[in-house]
Amino acid sequence: MRMTREGRTRILMAAGVLGGGLYLLGIALANAPLRLGVKGIPIVCLMLWLGPASTRYARRVLGGLVLSLAGDLLLEFPRLFLPGLGAFLLAHVSYVAAFLSVTRAPALARGLPFALFAMGATAFLWPRLGDLAPPVAAYVVVICTMMWRAAALWGGAGLTPRAQGLALAGALAFATSDGGLAIQLFVHPTAWAGYPIMLLYWAGQLGIALSAEAPASMSDSP
C-alpha cells in the first residue's frame, strides 16, 4: 500500500524529533560521536518532507537545507569552523534567492531595522573576533539580508499569508539562534546555551521549509 502524505509527514516528524532529542542528549553528556551521528537527522527529515521540490521557491529552500546540513556537520569540528560558516552563508544566500523569486520589491523601510542590526552586531563583535572578523561580518550582512527579504514577502502575492508568516518567523528564529551562537563562541560561553540555540535553529529551518510547501502560482517556474 502506498503511504499517504500525512503518514509520511508523521514518520518524518517523529524521526526528526527523535534525532533532535538525541542531539540534545549528546550535548548534556558531552558526547561528540553521538552529536555528530544524529545532528543532521532533523534537517534530513525536512529535506525528505519537502522533496521533490516542484517550484523554484521550494527548490531554493531545499538548496538552503542541503547547505545547512553541510554546515551542521562541519561545525561539529572546531577546526572546520570557517567551512561551516561558509556553508551556512551560502544557505542564507539560497534562502534570499528563494524570497527574491517571490518578490523583488525593495521594501527599504522593512530593511532599515535589519541594516541597523547588522551594523550594531558587527561593531559589537568585531573587537572579539580577531582574524575571523571579516568572514563573520560578511555572515552577519547575509543573514540580515535574509531577514529583510523574508520581511519583504509580507502582504505581497506569490505566497499565501500563512507561508509569508512562516518564512518571516523562520528567518527571525534562525537569526536569533545564530546570535546566541555568536555570543556563546565569542562573548560569554555558558553550559546551557546549546539547548536554546539548537531549538531556535530547528524552529527557524522548520518555518522556512513549511513556507515552501504550497507557494501560490509558482508551480511552473523554471
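**Before you start**

This is a predicted model: local features need pLDDT of at least 70, side-chain atom pairs count only at pLDDT 80 or more, and totals for chains, interfaces and linings use all residues. Residues are numbered from 1 along each chain as its sequence is written, and side-chain values use heavy atoms, with hydrogens and water left out.

**Stop 1: the core**

Select Y57 and M146. In the largest nonpolar core, which has 55 residues, these two touch the most other members. A nonpolar core is a set of buried Ala, Val, Leu, Ile, Met, Phe, Trp, Tyr and Cys residues joined through side-chain atoms within 4.5 Å. Buried means under 20% relative accessible area, exposed means over 50%, and partly exposed is in between (1.4 Å probe, protein chains only).

Now colour the helices that give two or more residues to this core: helix 1 (5-29), helix 3 (41-50), helix 4 (56-74), helix 5 (81-100), helix 6 (108-129), helix 7 (133-152), helix 8 (161-186) and helix 9 (194-211). Which helix gives the largest share of this core? It is helix 7, with 10 residues. Helices here are DSSP runs (H or I, at least four residues), as strands are (E, at least two), numbered from the N terminus. In soluble globular proteins, nonpolar side chains tend to be buried together.

**Stop 2**

How many salt bridges does a search of the whole structure find? It finds three. A salt bridge is a side-chain nitrogen of Lys or Arg within 4 Å of a carboxyl oxygen of Asp or Glu. Side chains of opposite charge can pair when their charged atoms come close.

Select E6 and R10. Their side chains meet in a salt bridge at 2.7 Å, N to O. Both residues lie in helix 1, four residues apart, about one turn of the helix. R10 counts as exposed because its relative accessibility is 56%.

**Stop 3: the network at E76**

Select R35, K39 and E76. Salt bridges link these three residues in a network.

Take E76 and R35 to begin with. Their side chains meet at 3.2 Å, N to O, in a salt bridge. This pair links distant parts of the chain: E76 is in the loop between helix 4 and helix 5, R35 is in helix 2, and they are 41 residues apart. Both E76 and R35 are buried.

Next, take E76 and K39. This salt bridge has an N to O distance of 3.1 Å. Again the pair links distant parts of the chain, with K39 in the loop between helix 2 and helix 3, 37 residues from E76.

Stay on K39. Is it buried or exposed? K39 counts as buried because its relative accessible area is 5%. Its side chain also reaches the backbone oxygen of D72 at 3.1 Å. Show what surrounds it: leaving aside neighbours within four places in sequence, K39 is in contact (heavy atoms within 4.5 Å) with Y23, D72, L75, E76 and M198.

**Stop 4: L75**

Move to L75, in the loop between helix 4 and helix 5. L75 is partly exposed, with a relative accessible area of 26%. Beyond its neighbours within four places in sequence, L75 is in contact with K39, F81, G84, L85 and F88. Draw a line from L75 to F88: they are 13 residues apart in sequence and 9.9 Å apart in space, C-alpha to C-alpha.

**Stop 5: a surface patch**

Select L36, L73, F77 and L80. They form a nonpolar patch on the surface, with about 290 Å² of accessible area together. Patches are made of residues with over 30% relative accessible area and no salt bridge; like charges are joined within 9 Å, nonpolar side chains (Val, Leu, Ile, Met, Phe, Trp, Tyr) within 5 Å. Accessible areas come from the Shrake-Rupley method with a 1.4 Å probe; for residues, only the protein chains shown count as cover. L36 is in helix 2 (residues 32-38). L36 is partly exposed, at 33% relative accessible area.

**Stop 6**

Select Q164 in helix 8. Q164 is buried, with a relative accessible area of 4%. Leaving aside neighbours within four places in sequence, Q164 is in contact with L153, W154, G155, G156 and L159.

Finish at P134, in helix 7. P134 is partly exposed, with a relative accessible area of 49%. Between P134 and H92 there are 17 Å in space, C-alpha to C-alpha, and the two are 42 residues apart in sequence.

Methods: Polar contact = N/O pair within 3.5 Å; in protein donor to acceptor, adjacent residues only side chain to side chain.
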